[in-house]
Amino acid sequence: MVIEMGLEGMILIEWQGDGMLEQFDLIFYRGETPIARIIQRLTNSQYSHVAMVIDPLHLIQLDWKTPVSIQHLAYPIGQYDIYRLKVALTETEKAKVIFFIREWISTGYDWKLIFSRFFNILFGTPIISSVHRYNCDELIVDAFRYVGVNLIDSDIKLTPDTLSKSRLLYKVDENSISFFTSKIT
């Protein structure tokens, strides 16, 4: 594991782990709560949520009850899939993605976006988002757009499912991931 200082004095952690989660892997979750099931049904998706790996132990995420925050991976095994970027980010781009995420820590959930997506599905009304709020998929898309990586085209209706189908992501074989064995250099 290598620790160094990045942009604006941020600590960047670079790790090499055979068979581990990698920085910026996306965790697509298949929730079983009533809200998750509603999201899955309305978006015709197997996924209800997405979070992003920022280091070997932590995710950046937000949901309807929790603002943007750094949390441990706590999803039950078998209820999520891991997707990885097909493009390699430079060290500067990685630092900028982390900087972008850090700027939005504690930002609340974008209920306006959720309700406008709901009405768009039902009635075809425009999708509107709040200026200073996010939801899970939108935060991730904007973090990568910040460094010029467009995970989805602007004319695609963003949902966790459409994000998972990005041409710039691939699904990681769960059998190749080991959370308990790694090489630390």
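**View 1. A network of salt bridges links Glu22, Asp25 and Arg84**. Welcome to this predicted model, which we will tour through a set of close-up views. Glu22, Asp25 and Arg84 are joined to one another in a network of salt bridges. Across the structure as a whole there are nine salt bridges. Side chains of opposite charge can pair when their charged atoms come close.

View 2. Five helices and eight strands make up the elements of the protein. Read from the N terminus, their order is β-β-β-α-β-β-β-β-α-α-α-α-β. The protein has 185 residues, and 45% of them are buried. If you take the contacts between residues at least 6 apart in sequence, 63% of these join residues at least 24 apart. Keep this in mind for the views that follow.

**View 3. Asp81 and Arg30 form a salt bridge**. The closest N and O atoms of Asp81 and Arg30 are 2.6 Å apart. Asp81 belongs to strand 7, while Arg30 sits in the loop between strand 3 and helix 1, so this pair ties together parts that are 51 residues apart in sequence. Is Asp81 buried or exposed? Its relative accessible area is 5%, so Asp81 counts as buried.

**View 4. Arg117 and Asp137 meet between two helices**. The side chains of Asp137 and Arg117 come together in a salt bridge, with 3.1 Å from N to O. Helix 4 holds Asp137 and helix 3 holds Arg117, so the pair ties together parts that are 20 residues apart in sequence. Both Asp137 and Arg117 are buried.

**View 5. Asp161 pairs with Lys165 in a salt bridge**. Here the closest N and O atoms are 2.9 Å apart. Asp161 has a relative accessible area of 9% and is buried, whereas Lys165 is exposed, at 61% relative accessibility.

**View 6. The largest nonpolar core has 34 residues**. Leu26, Met52, Val97, Phe144, Leu151 and Leu163 are the members that touch the most others in this core. At least two core residues come from each of strand 3 (26–29), strand 4 (49–55), strand 5, strand 7 (80–85), helix 2 (91–103) and helix 4. Which element gives the most to this core? Helix 4 does, with six residues. Apart from this core lies another one, of ten residues, with Ile27, Ala51, Leu59 and Tyr80 among them.

**View 7. Leu151 and its surroundings.** Setting aside residues up to four places away in sequence, Leu151 touches Leu85, Ile140, Phe144, Leu163, Ser166, Arg167, Leu168 and Leu169. Phe144 and Leu163 are also, like Leu151, among the residues that touch the most other members of the largest nonpolar core.

**View 8. Ile140 in helix 4**. With a relative accessibility of 2%, Ile140 counts as buried. Beyond its neighbours within four places in sequence, Ile140 is in contact with Leu26, Val50, Ala51, Met52, Leu151 and Leu163. How many residues apart in sequence are Ile140 and Ala51? They are 89 residues apart in sequence, and their C-alpha atoms are 7.7 Å apart in space.

**View 9. The largest cavity is lined by residues that include Ile140 and Ala51**. A search of the whole structure finds one cavity of 30 Å³ or more, and the largest cavity has a volume of about 40 Å³. By class, the lining has nine nonpolar residues, one polar residue and no charged ones.

**View 10. The largest pocket has a volume of about 740 Å³**. It is lined by 30 residues, of which Ile35, Ile39, Ser48, Trp64 and Tyr109 are the closest to its centre. Two or more lining residues come from each of helix 1 (34–42), strand 5 (58–63), helix 3 (111–123) and helix 4 (136–145). Helix 3 contributes the most to the lining of the largest pocket, with six residues. What is the make-up of the lining of the largest pocket by class? It has 17 nonpolar, nine polar and four charged residues.

Conventions. Residues are numbered from 1 along each chain as its sequence is written. This is a predicted model: local features need pLDDT of at least 70, side-chain atom pairs count only at pLDDT 80 or more; totals for chains, interfaces and linings use all residues. Side-chain values use heavy atoms; hydrogens and water are left out. On a 1 Å grid over the protein atoms alone, a cavity is a set of points where a 1.4 Å probe fits but cannot get out, and a pocket is an open set with protein on both sides within 12 Å along at least five of seven lines; lining residues have an atom within 4 Å of a point. Grid points are joined across faces, edges and corners, and a volume is the space filled by probe spheres set on the points. Helices (H or I, at least four residues) and strands (E, at least two) are DSSP runs, numbered from the N terminus. Ala, Val, Leu, Ile, Met, Phe, Trp, Tyr, Cys and Pro count as nonpolar, Asp, Glu, Lys and Arg as charged, and the others, Gly among them, as polar. A nonpolar core is a set of buried Ala, Val, Leu, Ile, Met, Phe, Trp, Tyr and Cys residues joined through side-chain atoms within 4.5 Å. Buried means under 20% relative accessible area, exposed over 50%, partly exposed in between (1.4 Å probe, protein chains only). Contact means heavy atoms within 4.5 Å. A salt bridge is a side-chain nitrogen of Lys or Arg within 4 Å of a carboxyl oxygen of Asp or Glu.
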